[in-house]
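Dear colleague,

Please find below the structure that I am handing over to you.

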Amino acid sequence: MHAKLDERAREIVARYPADRSRSALLPLLHLVQSEEGYVSPAGVEFCADVLGLNKAQVGAVATFYTMYKRRPTGDWLVSVCTNTMCNVLGGQQVYDALTEHLGVGHDETTPDGKITLEHAECLAACDYGPVMTVNYDFFDQVDPDAAVAVVNELRAGGRPQPSRGARLCTLKEMSLQLAGFADPREEAVADGLAGDPTLAGLRLAQQHGISVAGYDPNTPIKGSQTGDKPAPATTRPAAATGSTAPDVKSPDDKSPQVRTAETRNPDAKTAAPDAPGTKAPVDGVPAGPADARSAEQAGAAANKPASDAKPAGDGTEAQERSLKSAASEEAASARSELASPAVASEEEAASARSELASPAVASEEEAEK
């Protein structure tokens with residue numbers, strides 16, 4: 001493989017900066033596939049040698065992209081879209097017909113090695129569904145009979161004309177183009193017109209006179225490179241609040257960073273509504289304590305009882321009763337201690353005398369225990 005591909009591999013690597021040679025991995029994988037028809041273990045090793053990578057790094061990329069085949073693939077990769085739109089329009093019937101006709105299933109190759117069949121999740125051509133591709137060239141609005149006719153022509157050595165694009169090329173020829181090398185075949189490159197489904201919206205717009213307001217197709221699009229100034233920003237007017245209070249001017253002429261710093265650390269010169277000593281005017285008379293109590297009572301009345309039939313929070317009356325009860329108990333205890341200091345002293349003295357008078361008894365009792 002080195003003898004066959006070294007020259008082209010060096011050409012691919014030379015397209016990239018010396019310190020970015022790893023970017024050449026994708027076209028190198030296509031180059032390997034153009035030689036063997038798939039990315040073989042030898043091809044992975046070749047790419048690793050050329051770029052100074054290990055085989056695990058190359059294999060990780062080769063297994064990520066579905067256009068790199070890891071098993072021998074036929075000359076013609078036939079893909080049938082079986083995703084939602086194409087499936088509704090008959091894509092599954094097309095795939096089933098090809099499976100039965102070719103005798104192979106998904107990602108399998110015919111015994112002659114010419115055709116590999118696969119079902120695709122989406123081929124990005126919903127307006128032409130159901131679609132089928134041969135080496136990623138489109139055959140639009142196919143039915144089972146048309147699909148079978150295409151594969152029969154391929155097996156006979158022909159190259160049917162796709163619905164859009166140039167003449168078909170084999171998988172190896174296609175991989176060489178993706179590696180960045182021109183296809184020398186005649187009619188390898190062709191310009192195609194957009195199909196009817198693609199132009200349907202444009203034709204309807206022309207028929208009904210629909211166009212973008214103020215759009216002139218002859219006027220070039222303005223951009224920053226041409227020195228054109230961007231259009232002035234439009235601001236939406238603020239909605240009316242109905243307030244009669246005068247507005248508090250905010251220091252909008254400053255940068256957001258400065259304004260944020262001054263708001264967090266205001267001083268006497270800071271023109272911010274929340275600065276110390278700054279009062280924002282309000283509508284009407286400020287709410288007084290009576291209003292606050294009324295609002296609190298209204299909120300308590302609207303508070304539904306909890307599951308135990310008690311209020312969700314302690315009410316003011318209950319708190320006051322608890323505080324009064326605790327205060328009464330403390331006062332009674334204090335009065336009791338003040339009223340009988342002598343009794344307490346006498347009881348303590350008698351207890352002390354009793355303990356001092358009978359040490360032997362205590363000792364005997366402790367010994368028995």
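Predicted model: local features only at pLDDT ≥ 70, side-chain atom pairs only at ≥ 80, totals over all residues.

As background, the strands of a sheet pair through backbone hydrogen bonds, either parallel or antiparallel. Here, β2 and β3 are paired in the antiparallel sense, over 2 bridges. Within that pairing, Thr109 has Thr116 of β3 as its bridge partner.

The next subject is helix α7. This helix covers residues 144-155 and has 12 residues. From its first C-alpha to its last, α7 reaches 17 Å, close to the 16 Å expected at 1.5 Å a residue. Its buried residues are Ala147, Val148, Val150, Val151 and Leu154. They lie on the same side of α7, because they cover an arc of only 155 degrees around the axis. After α7 comes Gly157, which has a positive phi, near 100 degrees.

Turning to the nonpolar cores, the largest has 22 residues. The members that touch the most others are Ile12, Leu25, Leu28, Leu29, Leu31, Cys47 and Val58. Two or more residues of this core come from each of α1 (2-13), α2 (25-36), α3 (41-51) and α4 (55-62). There is also a second, separate core of 20 residues, and Trp76, Phe139, Val148 and Leu168 are included in it. To return to Val58, its contacts beyond four places in sequence are Leu25, Leu29, Val44, Cys47, Ala48 and Leu53.

Three further residues deserve a description.

Ser34 is found in helix α2. Ser34 counts as buried because its relative accessible area is 14%, which is under the 20% limit. A polar atom of its side chain lies 2.5 Å from the backbone oxygen of Leu31. Beyond four places in sequence, Ser34 is in contact with Lys172, Ser175 and Leu176.

Asp183 has its place in the loop between α8 (171-178) and α9 (196-207). With 18% relative accessibility, Asp183 is also counted as buried. Its side chain is joined to that of Gln177 by a polar contact of 2.9 Å. Leaving out residues up to four places away in sequence, Asp183 touches Cys169, Gln177 and Ala188.

Where is Tyr128 located? Tyr128 lies in the loop between β3 (115-120) and β4 (132-134). Tyr128 is buried, at a relative accessible area of 5%. Beyond four places in sequence, its contacts are Asp140, Gln141, Arg164, Ala194, Gly195, Pro197 and Thr198. With Thr198, the contact includes a polar one between the two side chains, at 2.4 Å. Tyr128 and Pro197 are 69 residues apart along the chain, and their C-alpha atoms are separated by 6.8 Å.

With kind regards

Key:
Residues numbered from 1 in each chain as written. Heavy atoms only, no water. Core = buried A, V, L, I, M, F, W, Y, C linked by side-chain atoms within 4.5 Å. Buried < 20%, exposed > 50% of the residue type's maximum accessible area, 1.4 Å probe, protein only. Helix = DSSP H or I, 4+ residues; strand = E, 2+ residues; numbered from the N terminus. Contact = heavy atoms within 4.5 Å. Polar contact = N/O pair within 3.5 Å; in protein donor to acceptor, adjacent residues only side chain to side chain. Expected span 1.5 Å × (residues − 1). Arc of directions from axis to C-beta. Pairing = 2+ DSSP bridges.
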